[in-house]
Amino acid sequence: MSVDAFWQGVIDSIPANVAVLDRDGVVVAVNAGWSRFAEENGGANVGVGSAYLAVCDEAEEMGDQSAGDAARLIRGVMGGDPEPGLLHYHCDSPSVRRRFLMRVAAGAAQSVVVMHFDVTEGAETDERLRVQDAVLGEIDAAVMAFDQGLSLTFWNTAAERLFGLSRADVLGTNVLARLEPGRPSGGLREHLGEVAPDEAVHGVFDMKGVEGETLSVQVDAKVVLDVSGSTIGAIVVASDIRERIWYERELRSARDYLAAVMVSIPDGLCTVDGDGFVLEVNRAAEHHLGWTAADLGGCRLHDVLHAAAERDDAHSFDDCPITKAGAGDEAVIVADDSFVCRDGTQLTVAYKAAPVEAISGRHGVVVVFRDTTEEKAERDRQRLELLELSWAARVREALETDAFTLYAQPIIEIATGKTVQYELLLRMLSKGQVILPGEFLPAAAHHGLLIDIDRWVVQHAAELAAGGHPVAINISAQSLSQPVFSRYVEEVLASTGVDPSLIVIEVTETDVVENQGAASDLLGRLTSLGCKVALDDFGTGYGGFLYLKRLTVHILKIDREFVTDLDHNDTNRAVIQAIVGLAEAFGQHTIAEGIEDEPTLRAVADLGVKYGQGYLFGRPAPAADILVNTEGDTRGYPELAS
């Protein structure tokens, strides 16, 4: 075997990941562990011949602080630092959380030896021990740990309170000698010294209390063994006998770790047997679901939470993830589901169903769930926000590229069946599809684009009306509150040469009621230009009718809500009759929207409505097909011509 092969074999046997750098920070040798780790983590640029310090510097520039710390540590050793450098750092992958210890030491011929030790297991063990120490330190029972010679190694807060001795005073001492002064035999020390590895000490002992008084203390003690089975110490749990009943109850409810976790965790937790019947339910589950443990006792958890008989989207029992977990060896994780609560509402949840086997050999499932209602609402909000931004961008693009179009729907005179006008309805054209305004107008309103859309509609409607066709257009509340909007309408009327009386401008009653001052001013100016004004969706504004005296309005369009089911709905008939009477009193016309059949047409005619609109007379169709390619054949509203 060559010297090089022997030397390589030596460093390959080192369990750490090892690399040797020259004075310039270039890798001159690595062991098998280094190469394997680099290959598994995509680090092909840290093999022999690579500039390791340059790689670290580049990684720091990309935001990896650990890489920068490593580079500084190596340069320090290169600069003559006599002590080996140490660095603890995280090195996580998408699926694994790892911790490493980096050791840098000077080598021969001005080289530097870099070793990375995987300390994940030890770090996690230390963390678990710290958590366990914290938990033991806070429980109410006095907890003491002793080494093989009965010197104290752990003394929690409850022990300090019970015996009046601080942790600093007793750690490392034979504290039992102080707690059992002058006792010749039968004390706890004697029992601990005699107990066998497979036995435990249970009993009541006299000990010295915080005020020097003698306490009758209930003691549970057990010898602790190492992995080889050798005795390494003892654990003692002690409590004042006066609280014995309380501790017995608590110990019964927490006789194993799972029971203690069930009580304390904020997530809902249920356990079921192999047939899916509920065994235990924690308080969080009761709170979230409204069912108590007593309510669920004797019930199959699936039947209660999924209510399969009542929900179309509910899991069948055989397909339920809880059932599948009980039938398999692995946990089943469900990221988005809903449980039925006691009050019938649905709770959005994420849950994990894990199979368990009790000491008795019975199989079952532990179900841990959490309420994800707020998380789902936030995800939905973000999704809708992104969707809205996308629609707003498409609206801007449509305005820039003239990708809107107008559809026309006829309005007829009920007595003659003649078309008197066409309402122009906005559509968006995108990739060969016609998109209805309900898809894009909410986003346009939120992003302040309705005024631009209204102006586009006014311009194109005026061009169509210039061919002699009476048309009606809708404007938004945003334009209604803009005094300059009337000036824009005036400019369009002048540039197209259209007769203003051919244009009816529709505004919804709700928009007018919410901004009566601005509406009155704008509608008055539009009327002065010669246009007509219609109140759309009339009857839904809930604002009273006094504003009609202050507005110049020519037409009231009765909302389809009141036109529906007139043959059987006396309330709707009464509303329409009242609106017709109101319109006649103010010298206005009425149009009934949403007429889809002959009985409805006859009903609105009997109630005195003069004009109608709906699918019975025609569905919206491209205005270019109806108006541009035909001569003007509509009558308009003769009575309103003046």
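Here are a few notes on one helix, its partner helix and a sheet.

1. Bear in mind that this is a predicted model, where local features need pLDDT of at least 70, side-chain atom pairs count only at pLDDT 80 or more, and totals for chains, interfaces and linings use all residues. Residues are numbered from 1 along each chain as its sequence is written, and side-chain values use heavy atoms, with hydrogens and water left out.

2. Start with helix H18, residues 450-465 (helices are DSSP runs of H or I, at least four residues, and strands are runs of E, at least two, numbered from the N terminus). H18 has 16 residues and reaches 22 Å from first C-alpha to last, close to the 22 Å expected at 1.5 Å a residue (the expected span is 1.5 Å times one less than the number of residues).

3. Which residues of H18 are buried? Among them are Leu-450, Asp-454, Trp-456 and Ala-465 (buried means under 20% relative accessible area, with a 1.4 Å probe and protein chains only).

4. Now look at helix H20, residues 484-496. In H18, Asp-454, Arg-455, Val-458, Gln-459, Ala-462 and Glu-463 meet Val-484, Phe-485, Tyr-488, Val-489, Val-492 and Thr-496 in H20 (contact means heavy atoms within 4.5 Å).

5. Over in the sheet, five strands make an open arrangement in the order E7-E6-E10-E9-E8, with antiparallel pairing (two strands pair if DSSP finds at least two bridges between them). At the edges sit E7 (152-155) and E8 (200-208), each pairing on one side only.

6. Zoom in on strand E6 (residues 142-147): three bridges join E6 to E7, and the two run antiparallel. Here Phe-146 stands opposite Leu-152 in E7.

Methods
Buried means under 20% relative accessible area, exposed over 50%, partly exposed in between (1.4 Å probe, protein chains only). Axes are lines fitted to C-alpha atoms, for helices over the stretch in contact, and angles run from 0 to 180 degrees between N-to-C directions.
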